[in-house]
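I opened a notebook for this protein and wrote down each thing I looked up. The sequence and the model come before the entries.

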Amino acid sequence: MSIWWSLHLRREAASVPLARRLLLGTMETAGVDPDISYDLSVALSEACANAVEHGGDDSGTPSAEYRVTAYLDGEKCRIEVADSGPGFPPARWGHRAALRPAHTSAESGRGLCLIEQLADHVHFRNRPGQGAVVSFDKILKWREGALLKVS
C-alpha cells in the first residue's frame, strides 16, 4: 500500500504548520516511527519556509502559491516542495556549490543544510523559468503493527 498527496498552498507563514501537521498525521496513521516522522516534518517545514520567503518571481512580484507533494511508498518517503520564484543561484562550473552552514548566531540560512542532515537523499534544482524544487527522501522505520509496514 502507498499514500500520495499534493497540496497547493498560499505563500503565507500559516501554510507551513498546515503542511507539517498533514505530514505528521499521515505518518502517524500509517504507523511510521515517530523519530523518522519528526525528522521529515522538520525538513518539510524548512523547505516550506524557504518557498514562502523566496518564492517570488524575478520582477519582485510574489507568486501566490507553492506546491508540496509527499509519497509514502514501501520503505521510503519522498517529499517535494516547488515554488515559482527565481530559483537557486547559478552554480559555478556546472555543479551546485557546497552548502555552508550559517553562523550559529544567524537568524536564517540554516534550512537547506538542515534538510541535508535530516534526510537520506536531497536534491535541489531549478525548473527553467518556473522556480526552485527541493526534494528529499528518507528510509522509513515502522512501529509494530503499522498499517503500511513492508513485510
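The entries below go from the overall fold to single residues and pairs.

**Entry 1: ground rules.** I am working with a predicted model, in which local features need pLDDT of at least 70 and side-chain atom pairs count only at pLDDT 80 or more, while totals for chains, interfaces and linings use all residues. Residues are numbered from 1 along each chain as its sequence is written, and side-chain values use heavy atoms, with hydrogens and water left out.

**Entry 2: the fold.** I looked up the elements and found 3 helices and 5 strands. Helices (H or I, at least four residues) and strands (E, at least two) are DSSP runs, numbered from the N terminus. Read from the N terminus on, the order is β-α-α-β-β-α-β-β. I then checked burial, where buried means under 20% relative accessible area, exposed over 50%, and partly exposed in between (1.4 Å probe, protein chains only). Of the 151 residues in the protein, 40% are buried. For contacts (heavy atoms within 4.5 Å), I took those with a separation of 6 or more; residues 24 or more positions apart account for 66% of them.

Entry 3: I picked out Leu 40 and left aside its neighbours within four places in sequence; its contacts are Leu 23, Met 27, Cys 77, Ile 79, Phe 136, Lys 138 and Leu 140.

**Entry 4: helix H2.** Does the length of H2 agree or disagree with what its 21 residues should span? The expected span is 1.5 Å times one less than the number of residues. For H2 that comes to 30 Å, and its end C-alpha atoms are 30 Å apart, which agrees. Buried residues of H2 include Ile 36, Ser 37, Leu 40, Leu 44, Cys 48 and Ala 51. An α-helix has 3.6 residues a turn, so residues three or four places apart point the same way. I also noted that the buried residues of H2 pack against H1, E2, E3, H3 and E5.

**Entry 5: Ser 15.** Is Ser 15 buried or exposed? Ser 15 is in helix H1 and counts as buried, at 6% relative accessibility. A polar atom of its side chain lies 3.1 Å from the backbone oxygen of Arg 10. Not counting residues up to four places away in sequence, Ser 15 touches Leu 9, Arg 10, Val 52 and Tyr 66.

**Entry 6: aromatic pairs.** Rings of Phe, Tyr and Trp (its six-membered ring) pair if their centres lie within 6.5 Å; planes under 30 degrees apart count as stacked, over 60 as edge-to-face and the rest as tilted. The whole structure holds 2 aromatic pairs. Phe 88 and Phe 124 make an edge-to-face pair, 5.7 Å centre to centre with 65° between the planes. Phe 88 sits in the loop between E3 and H3 and Phe 124 in strand E4, so the pair ties together parts 36 residues apart in sequence. Phe 88 is partly exposed at 23% relative accessibility, and Phe 124 is buried at 10%.

**Entry 7: salt bridges.** A salt bridge is a side-chain nitrogen of Lys or Arg within 4 Å of a carboxyl oxygen of Asp or Glu. I found 5 in the whole structure. Arg 67 and Glu 80 form one, with the closest N and O atoms 2.7 Å apart. This pair links strand E2, which holds Arg 67, to strand E3, which holds Glu 80, 13 residues apart. Arg 125 also forms a salt bridge with Glu 80, at 4.0 Å. Arg 125 lies in strand E4 and Glu 80 in strand E3, so this pair ties together parts 45 residues apart in sequence. Through shared partners, Arg 67, Glu 80 and Arg 125 join into one network.

Technical notes
A polar contact is a pair of N or O atoms within 3.5 Å; within protein, one must be able to donate a hydrogen and the other to accept it, and residues adjacent in sequence count only if both atoms are side-chain atoms.
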